[in-house]
Amino acid sequence: MAAGEEKLREPFLKNEKRYYENCPGCKVDQLKETKSGLPITELFSIWIIVLCTALPISSLFPFLYFMIRDFQIAKREEDIGSYAGYVGSSFMFGRALTSVFWGLVADRYGRKPVIIMGTASVVIFNTLFGLSVNFWMAVLTRFLLGSLNGLLGPIKAYACEIFREEHQALGLSTVSTAWGIGLIIGPALGGFLAQPAEKFPNLFSSESLFGKFPYFLPCLCISLFAFGVTIAAFWLPETLHRHNDDDDSCDVSYDALESASAEVKEEEGREATPKKSLLKNWPLMSSIIVYCVFSLHDMAYSEIFSLWANSPKKLGGLNYSTQMVGEVLAITGFSLLVFQLSLYPFLERILGPIMVARIAGVNFERSVAFI
């Protein structure tokens, strides 16, 4: 009987979950099993990291027109928008080139190094951008900021790994919420704090550092915030699993014994199914294409509207100040946040995500045509 029991337990023990002593990912998994309740600390950590990444993306739009004008690189006033487009797109161009690379780094060396590198790049290159003395320095600093800040993908993976299964959706929604708040605070900072010597002459003289570099103050505020986030990120737990097969020192969790046989069947089914190329996965590729189109509309609105609003009326613009543009973009970002938190879940339950995306796309095209 004892031999029979040993044979029955053998396949289960081969598939049970093992916790390696020196693996940071296993330590996080063990900690998750002992925790119950809402993980407030982890949610706040992800929130400030994503906010730190989102702020420098949109903070420059209210003052970018005036920054290019002060560089005096455009021979005609009508050409300011073209040069502003190069500065605005250099960040996303750098991010597009290196996002896959940072994802590979996060999978090999850990999520935490990529997070620290991304927030540290905001400290360095966002500060240098505010101190730009010419057009090419502005383009280079924004490009390097985008190239070295590739934590948006790894932070989503981190959000799935740091939380228990029932809190993973909340963790991913925290990423979207922090991004929306960044779209509110970023333009507000850029609009209200740019050109402080002109807006607040009693506090900032024209001979001071902020008078000589009129667009440095909003960048400095964001960089100081990013510096605090970078220091705090050193205390984040690593979630990447690093297993040494030769190390037999591990703790065994017997909670997985009940589902071990089901896992074996699933693995056998996956092995029998031939792997297909991701490029041939039409639902995945169509989702990526739709996401790219909506992202294009989002960034195009933020930049084109800012340039149009800052342009003088003789060129067809609105002749807005940096403060007025910051107010409009902040209100837009706040509206997006309210929609995501209140109206969108209600519409998604009734109509489904695809129908909501179609309605949003049609409404956006109509609003653009109206403008």
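This is a short tour of a predicted model, stop by stop.

Residues are numbered from 1 along each chain as its sequence is written. In this predicted model, local features need pLDDT of at least 70 and side-chain atom pairs count only at pLDDT 80 or more, while totals for chains, interfaces and linings use all residues, and side-chain values use heavy atoms, with hydrogens and water left out.

**Stop 1: helix α6**

Select residues 111-130. This is helix α6, with 20 residues. Helices (H or I, at least four residues) and strands (E, at least two) are DSSP runs, numbered from the N terminus. From its first C-alpha to its last, α6 reaches 29 Å, close to the 28 Å expected at 1.5 Å a residue. The expected span is 1.5 Å times one less than the number of residues. Is α6 mostly covered or mostly uncovered? It is mostly covered: 15 of its 20 residues are buried. Buried means under 20% relative accessible area, exposed over 50%, and partly exposed in between (1.4 Å probe, protein chains only).

**Stop 2: regions from the record**

Residues 80-102 are 100% helix and 0% strand, with end C-alpha atoms 33 Å apart. Residues 114-139 are 85% helix and 0% strand, and their end C-alpha atoms are 23 Å apart.

**Stop 3**

Go to residues 64-71, helix α4. Why is α4 largely enclosed by the rest of the structure? Because 6 of its 8 residues are buried. Colour them: L64, Y65, F66, M67, I68 and F71. Just after α4 comes Q72, with a positive phi of about 60°. Most residues other than glycine have a negative phi. Q72 lies in the loop between α4 and α5 (80-109). Q72 is exposed, with a relative accessible area of 68%.

**Stop 3: Q195**

Jump to Q195, in the loop between α9 (168-193) and α10 (196-199). Its phi is near 55°, a positive value in a residue other than glycine. Buried or exposed? At 9% relative accessibility, Q195 counts as buried.

**Stop 4: the second largest pocket**

Select K35, T41, E42, S45 and I162. Of the 27 residues that line the second largest pocket, these lie nearest its centre. The pocket has a volume of about 380 Å³. On a 1 Å grid over the protein atoms alone, a pocket is an open set of points where a 1.4 Å probe fits, with protein on both sides within 12 Å along at least five of seven lines; lining residues have an atom within 4 Å of a point. Which element gives the largest share of the lining? It is α3, with 8 residues.

**Stop 5: cysteines**

How many disulfides does a search of the whole structure find? It finds 0. A disulfide is a pair of cysteine sulfur atoms within 2.5 Å. Select C219 and C221. C219 is in no disulfide, and the nearest cysteine sulfur, that of C221, is 9.3 Å away. C219 is buried, at 1% relative accessible area. C160 is partly exposed, at 27%.

**Stop 6**

Last, select N22, in the loop between β1 (17-20) and α2. N22 is exposed, with a relative accessible area of 59%.

Note on methods: Grid points are joined across faces, edges and corners, and a volume is the space filled by probe spheres set on the points.
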